[in-house]
Amino acid sequence: MQEIRVPVLIAGGGTVGLSAALFLAHHGIASLVAESQAGPSRHPRATGLGPRTVEFLRETGIAEAVGAVAVDMSTGGLGKISARTLAEADLSAAAAERTPVLRHSSPAGAEVSPAALRGTCPQNRLDSVLLPAACERGAKVLHGARLVSFAQDDDGVTALLDVHEGPGGSNGHTVRQAVRADYLVAADGARSSVRSALGIGTSGPGPLGGHNISILFRADLGPYTHGRSFVACNITAPEAPGMLVTVDGEKEWIFHTPYDPDAGQTPEDFTPDRCRALIRAATGAPGLDADVLSTLPWRPRGLLADRFHDGRVFLVGDAAHTIPPVGAFGLNTGIADAHNLAWKLAAVLRGQAGPALLDSYEAERHPVGALVLEQALLRLADPRLHWDQGPQAPAARAAAGALNAPVVHLGYRYDSGAVIDPQPDLPSPEDIAHNLDGTPGSRLPHLWLEQNGPEAPIGGSRGRISTLDLVRSRFTLLTGSGGAPWIPAAREAADRLGVDLHAYRITPGAAVTDPEGRWPGIAGIAEDGALLVRPDQFVAWRTAALPDHPAEELIRTLGRLLTSAPR
């Protein structure tokens, strides 16, 4: 048996696995994705992309392509509505009371992210962009490939795959394939075979609520939506209770409806005829022509793996944490896992960092998984904590211990050896801008800048870039108008350590300027202070003012970060 050799093997080719492949390829690391399904899934389990995920899409250059396949809710799009049937929904009244589908700003009105998507983007549509983007950059994706077993040693992981070749059915055949990888990333879902093989346990409530069937169907609901789009419509009709979810905003939809195994009901009961009857009852359209495309049984679960890391194996996505589908937290948290892990694997594989850097993956992402699970459970018990954006909402969230959704999506902080002097406590559970203040362990604060130099624009519209765009997936030093000595210091540190490190001075008159001069204030530094930002746009280190020997200070700091030495 000929063995395939690859730096990273990814078990699972769903959205999180494809994201991991793309992020690794973006950092120049090849991967092999083994997905047991014969092809990409057509039945989306999630539809909402949070602002942090859209920042990843922007970073990797695919935001425009994803935007093109997203449902346009930029004008008149509604969030969650409720009605007995869709035909009885008063969409005009809902529109008058609507809150933005995408909330990237703090309550104080500060814009906190440069990234915005025009609406929801179901997984199947997102995957249609992720898959070719990852492959074009060097990843290889094998569909019909099941991970049979794996064993790790001091130097890598040896895995066996059963790969289905040829056409489906009796004409196809399965071959056994050996793969040798430096690392294995488990993106194989809530019932992860990799997690089980490692003997990693889970905590959390487990199954939550009742059993449901997700019905994917095509139908023209235009006569009932009247040109308006919505994320979801809660249907209260007793003969067809459930939730109608937008997939393409026009003719493709999902209807979630419960069933009761204790009453003898099974997923097999949901024949195409029964599904059509339920869809017609839920929409209030007795003669609706509905084409049932697929059905998928599911049940909300809340689980957190005890560990995200075992030797050369890492858990991401549902393999690490299974989040109830409230708030669009689950998929986005899984994609963020992959983003956090990818740059660290790349740094180690390129010899720029020691293996101890990889320990920071679990140290950073396990607390985030626990936080997101807690927040989803609070919302599952009381959905108003998520959907209610009225003046009474902050007090209700505070009483329940719930965070405002944007804080959950991108306001969390890291506390690990890959951050110098972190401050993990959040200043505000409501105003995300207060949490994105340049503190080590937090995501770099966003500020629009004018680019006036001869270099082509890095990102955004011409002449306008974000501070996040300056990072460009590498270590980046940002300083103010008095920080000129930091520029040669960064070059010296990069040369001596062999690290890709770039420095920018944000000051009026420079190639990149902030006309209002707000940069030092929002970053928590003086004009000659600096932020050292990691490749994932998180602040690794902050110094309020210029030290006597900035190059030596940078060399010591980077060396500490890349070995993840104890604080």
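This is a predicted model: local features need pLDDT of at least 70, side-chain atom pairs count only at pLDDT 80 or more; totals for chains, interfaces and linings use all residues.
Residues are numbered from 1 along each chain as its sequence is written, and side-chain values use heavy atoms, with hydrogens and water left out.

Helices and strands are taken as DSSP runs numbered from the N terminus (helices H or I with at least four residues, strands E with at least two). Helix α1 comprises 12 residues, 15-26. From its first C-alpha to its last, α1 reaches 16 Å, close to the expected 16 Å; the expected span is 1.5 Å times one less than the number of residues. Of the 12 residues of α1, 11 are buried, so the helix is largely enclosed by the rest of the structure. Here buried denotes a relative accessible area under 20%, exposed over 50%, and partly exposed the range in between (1.4 Å probe, protein chains only). Among the buried residues of α1 are Val16, Leu18, Leu22 and Phe23. Their cover includes the strands β1 (3-11), β2 (31-35) and β4 (140-143), together with the helices α2 (51-59), α5 and α9 (329-349). Gly28, which follows α1, has a positive phi near 85°.

Cavities and pockets were located on a 1 Å grid over the protein atoms alone: a cavity is a set of points where a 1.4 Å probe fits but cannot get out, a pocket is an open set with protein on both sides within 12 Å along at least five of seven lines, and lining residues have an atom within 4 Å of a point. Grid points are joined across faces, edges and corners, and a volume is the space filled by probe spheres set on the points. The structure holds 4 cavities of 30 Å³ or more. The largest cavity has a volume of about 100 Å³, and α9 gives the most to its lining, with 4 residues. The second largest cavity, of about 40 Å³, is lined by Ala20, Leu24, Val185, Ala338, Leu341, Ala342 and Leu345. Its lining has 7 nonpolar, no polar and no charged residues. In this classification Ala, Val, Leu, Ile, Met, Phe, Trp, Tyr, Cys and Pro are nonpolar, Asp, Glu, Lys and Arg are charged, and the others, Gly among them, are polar.

The second largest pocket has a volume of about 370 Å³. Of its 19 lining residues, Glu111, His446, Leu447, Arg518 and Ile522 lie nearest its centre. The lining divides into 10 nonpolar, 2 polar and 7 charged residues, and its largest share, 3 residues, comes from β18.

Strand β18 also belongs to an open antiparallel sheet of 3 strands in the order β19-β18-β22. At the edges, β19 (464-466) and β22 (512-513) each have a single partner strand, so one side of each is left without a neighbour in the sheet. Two strands are paired if DSSP finds at least two bridges between them; β18 and β19 pair over 3 bridges. Glu450 stands opposite Arg464 in β19.

Thr120 is placed in the loop between α4 (91-96) and α5 (123-136). Thr120 is buried, with a relative accessible area of 6%. Not counting residues up to four places away in sequence, Thr120 touches Thr47, Ala70, Val71, Met73 and Val231, contact being defined as heavy atoms within 4.5 Å.
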